[in-house]
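Have a look at the fold before reading on.

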Amino acid sequence: MKSVEIVIIGGGPAGLAAAASAKKAGCNSILILERDKELGGILNQCIHNGFGLHTFKEELTGPEYAGRFIDSVEELGIEYMLDTMVMDISDTKIITAMNRVDGMFQIQAKAVVLAMGCRERARGALNIPGYRPAGIYSAGTAQRLVNMEGYMPGKEVVILGSGDIGLIMARRMTLEGARVKVVAELMPYSGGLKRNIVQCLDDYGIPLKLSHTVVDIRGRERLTGITLAQVDSTGKPIPGTQEDYDCDTLLLSVGLIPENELSRGMGVEIDRVTNGPVVNESLETSITGVFACGNVLHVHDLVDYVSEEAGKAGKNAAKYVSNELAQSSKPVRIEACEGARYSVPRTVDIDRMEDNLTVRFRVGTTYKDAYISVYYDDTRILHRKRPVMAPGEMEQVILQKDKLKEYPDLKQITIKIEQE
């Protein structure tokens with residue numbers, strides 16, 4: 001059995017950034033396992049621009065952004081295996097994988113970085129009535145067909161869900177000559193970034209219908225149309241609000257799910273809100289020496305944050321294998337409540353943290369002129385006004401080590417949204 005100090009599962013933006021960071025931190029035995037035929041992950045099909053503003057201070061397309069990290073991995077001489085599927089990871093960090101060249105094989109790792117990304121929620125999770133005709137795609141599948149395979153899924157399009165991929169595909173399909181008739185969203189707010197609503201819908205005159213969903217699908221062999229209906233506050237269709245749309249394509253952009261089957265299989269504790277691993281300030285999971293970063297940890301809005309987070313995970317994995325990462329002795333719980341849905345990380349050990357710790361979270365609904373508040377036990381230490389907060393955009397607070405040390409008996413840090 002081959003032994004490797006750090007094995008990184010996934011060669012997308014998170015895996016690449018983690019590998020480069022681990023190498024720069026002094027670890028020379030690193031292996032990336034990627035199931036696709038090339039590095040870069042989902043960014044390879046994201047040919048629109050808007051990436052890299054935080055990381056590189058310039059606007060790049062997805063392949064350009066991924067290319068910079070691929071170049072870095074190549075220059076650093078980091079080993080990687082493509083077309084390789086990881087089947088299982090044991091709690092002792094034995095990785096079972098397979099590919100066409102080596103067959104099935106095992107690797108013993110000292111540390112593992114989970115960077116598998118996320119997948120789209122499929123039609124089966126939506127309970128939409130109707131047959132199963134051709135012409136119903138997830139937005140990401142349609143994106144790959146158009147941008148990488150050179151196929152057009154259809155000409156008359158309806159999009160269900162206003163996640164960022166759905167919004168971007170509304171623009172992409174329009175530019176390729178299709179007619180996008182409407183984007184429908186079940187929730188009373190959009191699930192995507194505000195800039196994507198403006199640039200992908202408003203600029204092209206595509207209507208966005210909030211609090212609407214698909215209640216019927218027409219067509220047997222090929223999709224011929226769908227019926228939209230308005231929904232009430234509980235998500236149930238309101239009788240008499242149905243609208244029929246003739247279309248040959250329905251794109252589903254109804255949420256992303258972190259790919260954590262491997263994580264669950266090895267016994268990593270999973271957060272029920274994010275569907276990603278529970279991590280501490282070092283991005284270490286409940287299993288010592290196993291780190292998580294990127295969309296497998298929680299779904300991000302900007303890939304720049306993925307790279308930043310993955311860099312930290314890679315650096316800490318390198319510290320772990322060289323025995324420089326101290327054992328966690330006195331973790332303080334971070335509790336997100338009253339409007340804040342979750343926090344990443346969930347615990348912080350003040351002795352192990354760096355000078356500043358970025359804690360990211362999402363809100364549960366849309367807020368205007370509300371405050372992000374942070375409490376150390378019962379003492380409020382942060383009260384920052386935000387003009388607009390929405391579930392589609394991540395929020396963050398920065399915890400300072402010097403400030404935390406002023407509270408030696410601290411039991412809990414609480415993040416909440418307050419109206420005044």
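## Ground rules

This is a predicted model, so a local feature needs a pLDDT of at least 70 and a side-chain atom pair counts only at pLDDT 80 or more, while totals for chains, interfaces and linings use all residues. Numbering starts from 1 along each chain as its sequence is written, and side-chain values use heavy atoms, with hydrogens and water left out.

## Charged pairs

Side chains of opposite charge can pair when their charged atoms come close. There are 22 salt bridges here, a salt bridge being a side-chain nitrogen of Lys or Arg within 4 Å of a carboxyl oxygen of Asp or Glu. Take Glu79 and Lys2: their closest N and O atoms are 3.1 Å apart. This pair ties together distant parts of the chain, with Glu79 in strand 5 (residues 79–81) and Lys2 in strand 1 (residues 2–9), 77 residues apart. Helices and strands are DSSP runs numbered from the N terminus (helices are H or I with at least four residues, strands are E with at least two). Glu79 is partly exposed at 39% relative accessible area, and Lys2 is partly exposed at 39% too. For these labels, buried means under 20% relative accessible area, exposed means over 50%, and partly exposed is in between (1.4 Å probe, protein chains only).

Two other pairs are worth a click. Arg144 and Glu149 meet in a salt bridge at 3.4 Å, N to O; Arg144 is partly exposed at 24%, and so is Glu149 at 40%. Arg386 and Glu395 form a salt bridge at 2.9 Å, N to O. Here Arg386 is partly exposed, with a relative accessible area of 25%, whereas Glu395 is buried at 5%. Elsewhere, salt bridges with shared partners join Arg35, Arg119, Glu259 and Glu261 into one network.

A polar atom of the Glu185 side chain does lie 2.9 Å from the backbone nitrogen of Met187.

## Pocket and cavity

Rolling a probe the size of a water molecule over the atoms shows where empty space is left. On a 1 Å grid over the protein atoms alone, a cavity is a set of points where a 1.4 Å probe fits but cannot get out, and a pocket is an open set with protein on both sides within 12 Å along at least five of seven lines; lining residues have an atom within 4 Å of a point. Points are joined across faces, edges and corners, and the volume is the space filled by probe spheres set on them.

The second largest pocket has a volume of about 360 Å³. Its lining counts 18 residues, with Lys194, Thr366, Val388, Ala390 and Glu393 nearest the centre. Helix 5 (194–201), strand 13 (208–210) and strand 24 (379–389) are the elements that give two or more residues to this lining, and strand 24 supplies the largest share, three residues. By class, the pocket lining has ten nonpolar, three polar and five charged residues. Nonpolar covers Ala, Val, Leu, Ile, Met, Phe, Trp, Tyr, Cys and Pro; charged covers Asp, Glu, Lys and Arg; the others, Gly among them, are polar.

As for cavities, there is one of 30 Å³ or more. The largest cavity holds about 30 Å³ of space, and its lining includes Asp271, Thr274, Pro277 and Val344. That lining splits into four nonpolar, two polar and two charged residues.

Val344, part of the lining of the largest cavity, is joined to Pro345 by a cis peptide bond with omega of about 5°. Pro345 belongs to the loop between strand 20 (332–336) and strand 21 (347–348).

Two residues other than glycine are worth checking for positive phi. Lys93 has phi near 70°, lies in the loop between strand 6 (85–89) and strand 7 (94–99), and is buried at 10% relative accessible area. Asp377 has phi near 55°; its loop runs between strand 23 (367–376) and strand 24, and Asp377 is partly exposed at 32%.

Terms used: A polar contact is a pair of N or O atoms within 3.5 Å; within protein, one must be able to donate a hydrogen and the other to accept it, and residues adjacent in sequence count only if both atoms are side-chain atoms.
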